[in-house]
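Hi there,

Here is the structure I promised to pass on to you. Have a look at it first, and my notes follow below.

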Amino acid sequence: MTYSVQQIAKAVGASAEGDIELKVSGVAEPASAKSGEMALAMDPRYASSLSDGAAEVAMLWEGADWRALGLKAAILPNRPRYALSGVTRMLDKGQGFKPGIHPTAVIDPDAVLGEGVSVGPLAVISAGARIGAGSVIGPLCFVGVDATLGDGCFLREHVSIGARVTIGSGFIAQSGVRLGGDGFSFVTAELSTVESARQTLGDQGDAAPQPWTRIHSLGAVTIGADVEMGMGSTIDNGTIRDTQVGDGTKIDNLVHIGHNAVIGKNCLLCGQAGVGGSTRVGDNVVLGGQVGLADNITIGDRVIAGGGTIVLSNVPEGRTMLGYPATQMSKQTEIYKALRRLPKLLRDVAALQKVVSKADKAD
């Protein structure tokens, strides 16, 4: 795939200057760019390394003096990183999955496939499944009984969609995504040690150890439109109602969403984040890497939790949280500063104790 500088600029809504008919076949970092590739130097810090590569065209920042950088042409977006999303979309070569139904795919006669659906080698589509038009079911994928996928979904290899899962249009699942496993839900015949400890905040009381009995998952998973999930991420079925993920939410690798959880619209859940069962997460929430949300809590809209934060209680909308247990980031920073001063404070207290002790003896 090759595009002219003018075509790329028009596609990303940016201005182009110089020889706008120059052809671009790919992108590269400034120092390693070859002839025919467009260098990405969208910050002045990277411009000095343009001379180390062979690029004749670059995507720069608004107002950049591209001639002084020895270029023949330049694309000058007002928001370079956003423009990068359009460039990468244009130049993405994809995974090479061939269109059509592979002869080794197993498709139940009661499944319904929309127009232009592709099914890869050794994929399985179960009875009653409905696959929207233009969707791609990659190699070794599994789509369960009565599952529904909207138009234009894309499942990479080894994606598993459980029975009765409902997914909106434009869904993207990377390798190893698993939707619709049973929730991690178990109960004891009598009050358990865990329940006692939770009620008392520590003391297990007289509760005796007991075997755990499974609570079956009668619900499924419902996912909105334009949702993406990263490799190895998982979502459990709901116990009675469906576990839910709202439109536009993006989920990173190795994220787990527990049974009955509700995730709002346009959220970002970064790598290794975990959402406890029955927790409700508002719209436009960002969970950094390894953030943990306890079960049965509510996270308001627009909350941001920094990496490694452990949230144990409800969070009002608009808060920025950090630490374990989570507190507002400004308070957590104060706490951290105070902790760093503790060694000196302890030394000062010890010195004062010595002075006081000598004074007592003198008396």
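**What I found**

Ala58 has Ala74 of S7 as its bridge partner. Before I go further, a word on the basis: this is a predicted model, in which local features need pLDDT of at least 70 and side-chain atom pairs count only at pLDDT 80 or more, while totals for chains, interfaces and linings use all residues. Residues are numbered from 1 along each chain as its sequence is written, and side-chain values use heavy atoms, with hydrogens and water left out. Helices (H or I, at least four residues) and strands (E, at least two) are DSSP runs numbered from the N terminus.

Strand S6 (residues 57-59) runs parallel to S7, and 3 bridges join them. Two strands count as paired if DSSP finds at least two bridges between them. Strand S7 (residues 73-76) points Ala73 and Ile75 one way and Ala74 and Leu76 the other, and all are buried. Here buried means under 20% relative accessible area, exposed means over 50%, and partly exposed lies in between, with a 1.4 Å probe and protein chains only. In a regular strand, side chains alternate between the two faces of the sheet.

S7 also pairs with strand S2 (residues 15-18), this time in the antiparallel sense, over 4 bridges. In that pair, Gly18 is opposite Ala73.

S6 pairs with S5 as well, in the parallel sense and over 3 bridges, with Met38 opposite Val57 of S6. Strand S5 (residues 37-40) is covered on both faces: Glu37 and Ala39 on one side, and Met38 and Leu40 on the other, are all buried. Strand S4 (residues 26-28) is another parallel partner of S5, again over 3 bridges. Ala28 has Ala39 of S5 as its bridge partner.

**A helix pair**

Helix H1 (residues 5-12) packs on helix H2 (residues 80-91) at an angle of about 125°, with the axes 9 Å apart. The axes are lines fitted to C-alpha atoms, for helices over the stretch in contact, and the angles run from 0 to 180 degrees between N-to-C directions. H1 and H2 are therefore oblique to each other; angles under 35 degrees count as roughly parallel, over 145 as roughly antiparallel, 65 to 115 as roughly perpendicular and the rest as oblique. Gln7, Ile8, Ala11 and Val12 of H1 make the contact with Ala83, Gly86, Val87 and Met90 of H2, where contact means heavy atoms within 4.5 Å. By class, 6 of the residues in the contact of H1 with H2 are nonpolar, 2 are polar and none is charged. For these classes, Ala, Val, Leu, Ile, Met, Phe, Trp, Tyr, Cys and Pro count as nonpolar, Asp, Glu, Lys and Arg as charged, and the others, Gly among them, as polar.

**Two open sheets**

Another open sheet has 11 strands with mixed pairing, in the order S10-S13-S16-S19-S24-S27-S30-S33-S36-S38-S39. Strand S10 (118-119) and S39 stand at its edges with a single partner strand each, so one side of each is left without a neighbour in the sheet. S13 pairs with strand S16 (residues 154-155) in the parallel sense over 2 bridges, and Val136 is opposite Phe154 of S16.

Lys250 belongs to strand S27 (residues 250-251) and is partly exposed at 24% relative accessibility. Leaving out residues up to four places away in sequence, Lys250 touches Asp226, Glu228, Cys267, Leu268 and Leu269.

**Loops to look at**

Leu140 has a positive phi of about 65° although it is not a glycine; Leu140 sits in the loop between strand S13 (136-137) and strand S14 (142-143). Gln290, in the loop between strand S33 (286-287) and strand S34 (292-293), also has a positive phi, near 60°. Finally, the peptide bond from Tyr324 to Pro325 is cis, with omega near -5°.

Best wishes
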